[in-house]
Every structure is written in structure tokens, then in C-alpha cells.
Amino acid sequence: MDELGDLVDVTTIAVALISVGGALGGTLGGAVLSQRASRAEAAEQNQRADRERERERNEQALQAKRDLYAHLNTTARAYRVAARDAVQAAERGESVDPTLLDASKEAWADQYSQAQMALPKDVLEVVSALNRSLGVGYSVVKQLPSSPDLDGAYQRAKTWFSGPLSDGVYLLRVMLRHDLGVEVNPHFEQTRMQMLATLDNARNSLDRLLSAERAQSAEPD
């Protein structure tokens, strides 16, 4: 009987130990699984936070790009219009306030200097070509009073501001919209190159005429 009792006690203790071990194992296993789940959740939260920060950075960069493009378009148009209006006013014999044109010139120059640091190559090519063309337009206005042929100079100026330079400002707007994905044309690159070439040729021709007039004016009588 004692041996049987001892056997029962050992069996009872073994069962108890197994039960306690199972309970502890279950508790520890649950804790491990819970820790893993927490780490996975934390990792997922970090990834979501990283994606959100990246999305915000991209949106901020895009908005900064839109703002720069809007200012470029606005100041280019204002510069052309100020120069054209100065020519028309001079032709009518009205007094011309040079500060208006100079202010438009400076506003454009400020935007252009910012653009040089931020624009992709193809956009910068258009903006740079327009910058040179606007500069020639400024010279057109400034040289009007000393032109040996005023009628011809006025006609040349009006043709420049309403033709090639106007087309150049239009090209800038289309180029900016294309780069932003607002107005995408699969054949735009060909159009861009053609319009750039036309603008460059017209500007170079006008620049040569202005240079010849300056040289003629500088010659002694």
C-alpha cells in the first residue's frame, strides 16, 4: 500500500508539474507571440510614417515647383507686355516711365536666377532662350530714341513683341505645363525644338541689326 501510495503521489506531482510547465510554456509562448506581433505592428507603423513623410516631401517639392513655374510664367508675360507698351506709348508720342519696364525686368531676373538652380535641363533650355530674347527686347526699347529710322524701328519692335517673343512666352507656358504633367503631348519634343530654333534665329537676326545700329551711332560724323 505504501508503494502504491508513493506511486500515486509521484504521479500526482508529475501531473502537477506537467500542468504548471504547460501553463508556463503557454504563458511564455503567448508572451513571445505578443512581442513579435508588437514588433511587427511597430515596424508597420514606422513604414507607414516613412511613406507619409515621403508623400509630404513629394507634395511640398511639387508645390514649390508649381509656384516657381507660375512666377516664371507671370514675370515673363509682364516683362514682354511692359516692353511692348513702352514701344506703343513712345510711338504715340506719350511719355514713358522707364521704372515700369525696369521693375518688370528685375522681377523676371529674380525668378530666372532661382530657376537656374532648380529646373531640369530641357525646361532650362527654353527658359534660357526666352531670357536672351527678353533681353534683346529690352535693348529694342532702349535703342528706339537713337534709331536712324524711327518708323522702321517701331515696326520692327512691334513685330518682335507680337511675333517671335510672344511665341517664346507661349512656348514657356506650354513647356512648364508639359513638365508638370498638366498638358502632355507625345510629340512635344519635336515642337519644342522647332519653336526654339525659330526663336533663336529671329533673336539672332534682330540682335545683329541692333548691334549694327549701335556701331553706326558710335561712328563719328
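Reply: Gladly! Let's start with a term: a nonpolar core is a set of buried Ala, Val, Leu, Ile, Met, Phe, Trp, Tyr and Cys residues joined through side-chain atoms within 4.5 Å. Keep in mind that this is a predicted model. Its largest nonpolar core has 42 residues, and Leu72, Trp108, Leu119, Val127, Leu130 and Phe161 touch the most other members. Helices α1, α2, α3, α4, α5 and α6 each supply at least two residues of this core, with α3 giving the most, 10 residues.

Me: Which residues does leucine 119 touch, beyond those up to four places away in sequence?

Reply: Leucine 119 touches Leu68, Tyr69, Leu72, Leu124 and Val127.

Me: Why is valine 136 called buried?

Reply: Valine 136 has a relative accessible area of 8%. Buried means under 20%, so valine 136 is called buried. This residue lies in helix α3, which covers residues 121-143. Leaving out residues up to four places away in sequence, valine 136 touches Arg203, Leu206, Asp207 and Leu210. Arginine 203 is 67 residues from valine 136 along the chain, and their C-alpha atoms are separated by 7.1 Å.

Me: How do you know that the length of helix α6 agrees with its number of residues?

Reply: Helix α6 runs over residues 188-218 and has 31 residues. The expected span is 1.5 Å times one less than the number of residues, so α6 should span 45 Å. The C-alpha atoms at its ends are 44 Å apart, which agrees. Among the buried residues of α6 are Phe188, Leu196, Arg203 and Leu210, and its buried residues pack against α3, α4 and α5.

Me: What makes the span of α5 close to the expected one?

Reply: With 17 residues, α5 is expected to reach 24 Å, and the distance from its first C-alpha to its last is close to that, at 24 Å. The buried residues of α5 include Leu165, Gly168, Val169 and Met175. After α5 comes glycine 181, with a positive phi near 80°.

Me: Why is arginine 80 said to have no salt bridge?

Reply: The nearest side chain of opposite charge, aspartate 85, is 8.0 Å away. A salt bridge needs a side-chain nitrogen of Lys or Arg within 4 Å of a carboxyl oxygen of Asp or Glu, so arginine 80 has none. Apart from neighbours within four places in sequence, arginine 80 is in contact with Leu134, Phe161, Ser162, Leu165, Ser166 and Val169.

Terms used
Residues are numbered from 1 along each chain as its sequence is written. This is a predicted model: local features need pLDDT of at least 70, side-chain atom pairs count only at pLDDT 80 or more; totals for chains, interfaces and linings use all residues. Side-chain values use heavy atoms; hydrogens and water are left out. Buried means under 20% relative accessible area, exposed over 50%, partly exposed in between (1.4 Å probe, protein chains only). Lys and Arg count as positive and Asp and Glu as negative; His and the chain ends are not counted. Contact means heavy atoms within 4.5 Å. Helices (H or I, at least four residues) and strands (E, at least two) are DSSP runs, numbered from the N terminus.
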